[in-house]
Amino acid sequence: MYVGRDMTELSMMSIKDWKDSELAFFHHSLQQITPYLNSEGQTIHREIIEEIENRGGMKRNEADWAHGTEVTYD
């Protein structure tokens, strides 16, 4: 379950200030409803994808006993 800032709060700040977990959560959420997004929703999703790419993606370089290789948003 996602515990964090909602889209209303995040939309009032620069996407560069979002946490990785927020980017991961909203990317996953918007990815699930892509066919139903209007042009504004598609633009937001594209900006999230671009920011994830600018940060080098969402993969962790290595796993350890407490973390897997992907960023989680729980």
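Visitor: What makes the reach of helix H3 close to the expected one?

Guide: Helix H3 spans residues 39-54, 16 residues in total, and runs 22 Å from its first C-alpha to its last, close to the 22 Å expected at 1.5 Å a residue. The expected span is 1.5 Å times one less than the number of residues. Helices here are DSSP runs of H or I with at least four residues, strands are runs of E with at least two, and both are numbered from the N terminus.

This is a predicted model, where local features need pLDDT of at least 70 and side-chain atom pairs count only at pLDDT 80 or more, while totals for chains, interfaces and linings use all residues. Residues are numbered from 1 along each chain as its sequence is written, and side-chain values use heavy atoms, with hydrogens and water left out.

Visitor: Which residues of H3 are buried, and how do you know that they are on the same side?

Guide: The buried ones are Gly41, His45, Ile48, Glu51 and Ile52. Buried means under 20% relative accessible area, exposed over 50%, and partly exposed in between, with a 1.4 Å probe and protein chains only. These residues cover an arc of only 120 degrees around the axis, so they sit on the same side of H3; the arc is taken from the directions from the helix axis to the C-beta atoms. They pack against helix H2 (20-32), whereas the face turned away from the buried side carries exposed Ser39, Glu40, Glu53 and Asn54.

Visitor: What does isoleucine 15 contact beyond its neighbours within four places in sequence?

Guide: Contact means heavy atoms within 4.5 Å, and isoleucine 15 has such contacts with Leu23, Glu47, Ile48, Glu51 and Arg55. Isoleucine 15 lies in the loop between helix H1 (7-10) and H2. From isoleucine 15 to isoleucine 48 there are 33 residues in sequence and 7.4 Å in space, C-alpha to C-alpha.

Visitor: How many aromatic pairs does a search of the whole structure find?

Guide: The search finds 4. Rings of Phe, Tyr and Trp (its six-membered ring) pair if their centres lie within 6.5 Å; planes under 30 degrees apart are stacked, over 60 edge-to-face, and the rest tilted.

Visitor: Why is the pair of phenylalanine 25 and phenylalanine 26 called edge-to-face?

Guide: Their centres are 5.0 Å apart and their planes stand at 80 degrees, so the pair is edge-to-face. Both residues are buried. Ring pairs link Tyr2, Trp18, Phe25 and Phe26 into a cluster.
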